[in-house]
Amino acid sequence: MATQLPASSSVIRDPLGDHLITPQNSALIVIDYQPAQVGAVRSMDRDLLLKNIVSTVKLARLFSVPIVHSTVNVKSGRGKPTVEPLAELLKDNPPVDRTTTNAWEDATFVGAVRATGRRKLILCALWTEICMAFPALDALREGYEVYPVVDAIGGTSLEAHRAGLERVLQAGAQPISWVSLASELQRDWARQETAAGIVEIVLTERLLKE
């Protein structure tokens with residue numbers, strides 16, 4: 001991150017056609033951040049994982065990026081709802097509850113993704129090797145661009161996380177981190193309406209605090 005720059009951009013890029021992620025061409029997908037799934041993550045520190053997914057969702061909200069939120073087996077009683085404080089952040093995005101491990105095999109979920117009208121999917125899911133990898137592979141086959149947020153997802157082992165991530169990268173997914181996502185959405189410090197929010201979410205709350 002850097003200090004604010006003057007509004008000196010010589011070219012205004014099309015926010016819909018831009019090859020990079022913009023608030024106008026992307027959607028955030030959040031899948032299965034539930035107690036059992038979080039508790040079984042072994043590929044990274046779980047507290048850090050939760051901080052990173054919370055920051056990712058805060059970024060989406062700051063830039064008004066559409067969010068599709070999904071859980072598994074809550075209605076059946078086999079699963080618990082989305083963990084706090086993530087659930088509070090997603091209260092305006094009620095989850096699509098599924099029975100399928102692959103969210104892309106749930107018609108309501110796929111309908112919600114398609115309804116966003118966005119072709120770039122910023123993907124966060126637990127676990128990497130299953131609930132991230134399966135819908136990512138299906139979305140890629142349907143022509144979507146998929147961006148796994150590598151430090152906001154986790155697997156049941158480091159090896160499982162790496163294998164799941166590598167599988168989708170070989171299929172064409174493009175990995176990002178939550179901090180790089182913040183910069184890609186903001187892009188120009190002359191965008192005053194979100195500049196203060198970016199500083200708060202990325203620097204004040206996280207990078208300059210930890």
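**Close-up views of a predicted model**

View A. Strand 2 pairs with strand 1 in the parallel sense over four bridges, and His 69 is the bridge partner of Val 30. Strand 2 also runs parallel to strand 3 (residues 96-98), to which three bridges join it. Here Ser 70 stands opposite Val 96.

View B. Five strands with parallel pairing form an open sheet in the order 3-2-1-4-5. Its edge strands are strand 3 and strand 5 (145-148), each of which pairs on one side only. On average, neighbouring strands of this sheet are turned by 25° against each other, direction ignored. Strand 5 pairs with strand 4 (residues 120-125) in the parallel sense over four bridges, with Leu 123 opposite Pro 148.

**View C. Helix 2 between the sheet and helix 7.** Helix 2 lies across strand 1, strand 2 and strand 4, and runs at about 145° to strand 1. The axes of helix 2 (residues 46-62) and helix 7 (residues 178-186) come within 10 Å and cross at roughly 10°. Angles under 35 degrees count as roughly parallel, and helix 2 and helix 7 are therefore roughly parallel to each other. Asn 52, Ser 55, Thr 56 and Leu 59 in helix 2 meet Trp 178, Leu 181, Ala 182 and Leu 185 in helix 7.

**View D. Leu 86 in the largest nonpolar core.** The largest nonpolar core holds 63 residues, of which Leu 28, Val 57, Leu 86 and Phe 109 touch the most other members. Not counting residues up to four places away in sequence, Leu 86 touches Val 30, Tyr 33, Ile 53, Val 54 and Val 57. In soluble globular proteins, nonpolar side chains tend to be buried together.

View E. Thr 22 lies in the segment before strand 1 (26-31). Thr 22 has a relative accessible area of 5% and is therefore buried, the cut-off being under 20%. A polar atom of the Thr 22 side chain lies 2.5 Å from the backbone oxygen of Pro 15. Not counting residues up to four places away in sequence, Thr 22 touches Pro 15, Leu 185 and Arg 187.

Conventions:
Residues numbered from 1 in each chain as written. Predicted model: local features only at pLDDT ≥ 70, side-chain atom pairs only at ≥ 80, totals over all residues. Heavy atoms only, no water. Core = buried A, V, L, I, M, F, W, Y, C linked by side-chain atoms within 4.5 Å. Buried < 20%, exposed > 50% of the residue type's maximum accessible area, 1.4 Å probe, protein only. Contact = heavy atoms within 4.5 Å. Helix = DSSP H or I, 4+ residues; strand = E, 2+ residues; numbered from the N terminus. Polar contact = N/O pair within 3.5 Å; in protein donor to acceptor, adjacent residues only side chain to side chain. Pairing = 2+ DSSP bridges. Axes fitted to C-alpha atoms, helices over the stretch in contact; angles between N-to-C directions. Parallel < 35°, antiparallel > 145°, perpendicular 65-115°, else oblique.
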